Amino acid sequence: MTTAIRKSDRRVSPVFLGIAAVTAVSGWAVWTDYAASLGVAVFLFVTGCWIVSLCLHEYAHARTALHSGDITIGAKGYLTLNPLKYTHALLSIVLPVIFVIMGGIGLPGGAVFIERGRIQGRWKHSLISAAGPLTNVLFALVCTAPFWLHALDGVPTAFRYALGFVALLQVTAAILNFLPVPGLDGYGVIEPWLSYKVRRQVEPFAPYGLLVVFVLLFFIPEVNAAFFDAIHAILRGLGVSELDSYCGRNIFSFWMSRDQFACGAAG
């Protein structure tokens with residue numbers, strides 16, 4: 001099945017490597033306190049981590065689809081981790097980054113285009129949809145490992161706060177992606193198990209699912225409060241306190257935060 005995939009179709013894109021390099025350098029700057037501006041360094045590190053996770057999220061969809069029968073994935077460039085190859089780069093990368101800047105929330109974006117007609121079996125279709133948010137779950141576990149392993153000794157406070165905010169973004173992305181809302185991955189997981197009639201009735205609403213979630217979270221305070229209460233409960237279970245994610249977000253928002261220097265100086 002995968003013999004049709006050329007080596008160039010699987011080669012990691014220089015664009016992704018560049019993003020990863022910026023993330024690594026800015027992370028080093030936060031760790032060593034070498035940056036002239038802590039806020040800018042944290043902003044670059046968190047944004048870089050977020051874009052890397054978005055690329056891995058879409059890669060997981062594509063790779064699972066490839067092994068499930070869609071051999072066109074390689075030719076579309078989805079296996080190179082290049083965000084510019086996505087069907088909707090604006091939805092997949094730009095808007096999610098804007099959501100992070102606006103509200104400190106990991107709202108999912110668009111998805112890679114998968115030729116579902118090539119894939120047989122409901123379980124395969126469900127797994128393809130689940131692969132993306134499961135990547136966010138794994139990313140969250142990696143980011144929070146120093147917290148739940150109690151291995152924070154020697155970790156600079158600013159870097160700890162940045163990791164706390166990255167973890168918040170990953171947890172929100174995983175939860176939101178798994179919502180059974182048309183247009184999101186959670187609906188994609190259950191869609192193969194629905195009747196043809198139900199799928200046809202729901203299909204016209206798919207383009208508006210993300211917009212509905214956005215409106216509920218940003219314009220209905222009760223929904224926003226309940227959502228973040230649940231997110232912080234999960235983070236506490238992983239050892240990340242609200243102070244960690246709060247200070248991480250404040251330092252990240254260096255252009256507007258009044259508390260960034262207090263948080264940054266806490267270490």
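This is a predicted model: local features need pLDDT of at least 70, side-chain atom pairs count only at pLDDT 80 or more; totals for chains, interfaces and linings use all residues.
Residues are numbered from 1 along each chain as its sequence is written, and side-chain values use heavy atoms, with hydrogens and water left out.

Entry on α2. I followed this helix over residues 14-32, and its 19 residues reach 26 Å from the first C-alpha to the last, close to the 27 Å expected at 1.5 Å a residue, where the expected span is 1.5 Å times one less than the number of residues. I then listed its buried residues (under 20% relative accessible area, with exposed meaning over 50% and partly exposed in between; 1.4 Å probe, protein chains only), and they are Phe16, Ile19, Thr23, Ser26, Gly27, Ala29 and Val30. Seen down the axis of α2, these buried residues fall within an arc of 160 degrees, so they line one face of the helix. On the other side of α2, I found Pro14, Ala24 and Val25 exposed. Just after α2, Asp33 takes a positive phi of about 60 degrees.

Entry on His125. I placed this residue in helix α5, residues 122-148, and at 13% relative accessibility His125 counts as buried. The side chain of His125 reaches the backbone oxygen of Ile119 at 3.0 Å. I also checked Thr72, which is 53 residues from His125 in sequence and 16 Å from it in space, C-alpha to C-alpha.

Note on methods. Helices (H or I, at least four residues) and strands (E, at least two) are DSSP runs, numbered from the N terminus. The arc is that of the directions from the helix axis to the C-beta atoms. A polar contact is a pair of N or O atoms within 3.5 Å; within protein, one must be able to donate a hydrogen and the other to accept it, and residues adjacent in sequence count only if both atoms are side-chain atoms.
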